[in-house]
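Please look over the sequence and the structure first.

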Amino acid sequence: DTLDPDALVRLEPALAPVASQFHAGLRFPAHESGDARSFSREAARRAGELGAALRLGHRVTGLELVDGRLKGIETDHGTIDADRVILCTGTDTGSLLDPLGLRVPIYPVQGYSMTIAVDGDGPAPRLPILDLERRFVTARLGPNRLRIAGLSDFTGGDTTLHPERLAVLKQSASALLPKLADAIRAGGEDWTGLRPMTPDGPPLIGPTPIEGLWLNTGHGAMGWTMAAGSADVLADRLLGNPPKISTEGLDAERVFA
């Protein structure tokens, strides 16, 4: 839906102080937001109930091959035999595949976020917002927290939280949400991490040239957004069933051709 500034403010009153800055806005009726951390915890709990063994705190150090076929994974707690392994390893995917002679174009792009406490009845936006000009997003996490995220830095895998870059995010958010400027500048839970980006954008989902080794990685900034759908596509392919959507442009095979 295309919205003029008046309609935009009616939909999201938090934008009223800066309404004059807008020419128009786009509303996506099916757009939703949520708490990825809470979702992941619940998914882990449910997976455990269904019989999955969650080995948290175990670091994978390599992949074991026998006669060119995957035999298992090596960890800092020993080797785990496996018929098939799926790498959902983000920016670490390359370091696991390089010793096997496989190259994947996944690049670490550093992003930042901050989460601040807000009044449930205060001026914080209730809808998720994407500011195209300033290139950051906001999302409400329950009634009393607001997530602000953005920036794309090519730092070669650096995970240092640089205060000057976080300051850019705070400045942008304060300009869009002036009534929250004091809370934004005061800060909250600050975070930085690496997005596993592919050159063409979509993730790598599917088998590798090594029998038994599969990929579900390279989702960039859309990891949680695409997580459930990617898992569904991969499960169908693993079981030999036709996926529910076309996998053209999503298949891992495109980087090994």
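## Overall make-up

Of the 257 residues in this chain, 34% are buried. The model is predicted.

The chain has six helices and 13 strands. Taken along the principal axes, its C-alpha atoms fill a box of roughly 65 × 40 × 35 Å. Among contacts with a separation of 6 or more, 62% are between residues 24 or more positions apart.

## Helix α4

Helix α4 runs over residues 163-176, 14 residues in total. From the first C-alpha to the last, α4 reaches 20 Å, close to the 20 Å expected at 1.5 Å a residue.

Which residues of α4 are buried? They are Leu166, Leu169, Lys170, Ser172, Ala173, Ser174 and Leu176. An α-helix has 3.6 residues a turn, so residues three or four places apart point the same way. The cover over the buried residues of α4 includes the strands β7 (107-117), β8, β9 (136-140), β10 (145-153) and β11 (189-197), together with helix α5 (181-186).

## A nonpolar surface patch

Strand β8, part of that cover, spans residues 129-131 and contains Leu130. Is Leu130 buried or exposed? Leu130 is exposed, because its relative accessible area is 55% and the cut-off for exposed is over 50%.

Leu130 belongs to a nonpolar patch on the surface, along with Leu132 and Val137. Together these residues have about 300 Å² of accessible area.

Technical notes. Residues are numbered from 1 along each chain as its sequence is written. This is a predicted model: local features need pLDDT of at least 70, side-chain atom pairs count only at pLDDT 80 or more; totals for chains, interfaces and linings use all residues. Side-chain values use heavy atoms; hydrogens and water are left out. Patches are made of residues with over 30% relative accessible area and no salt bridge: like charges are joined within 9 Å, nonpolar side chains (Val, Leu, Ile, Met, Phe, Trp, Tyr) within 5 Å. Accessible areas come from the Shrake-Rupley method with a 1.4 Å probe; for residues, only the protein chains shown count as cover. A salt bridge is a side-chain nitrogen of Lys or Arg within 4 Å of a carboxyl oxygen of Asp or Glu. Helices (H or I, at least four residues) and strands (E, at least two) are DSSP runs, numbered from the N terminus. Buried means under 20% relative accessible area, exposed over 50%, partly exposed in between (1.4 Å probe, protein chains only). The expected span of a helix is 1.5 Å times one less than its number of residues. Contact means heavy atoms within 4.5 Å.
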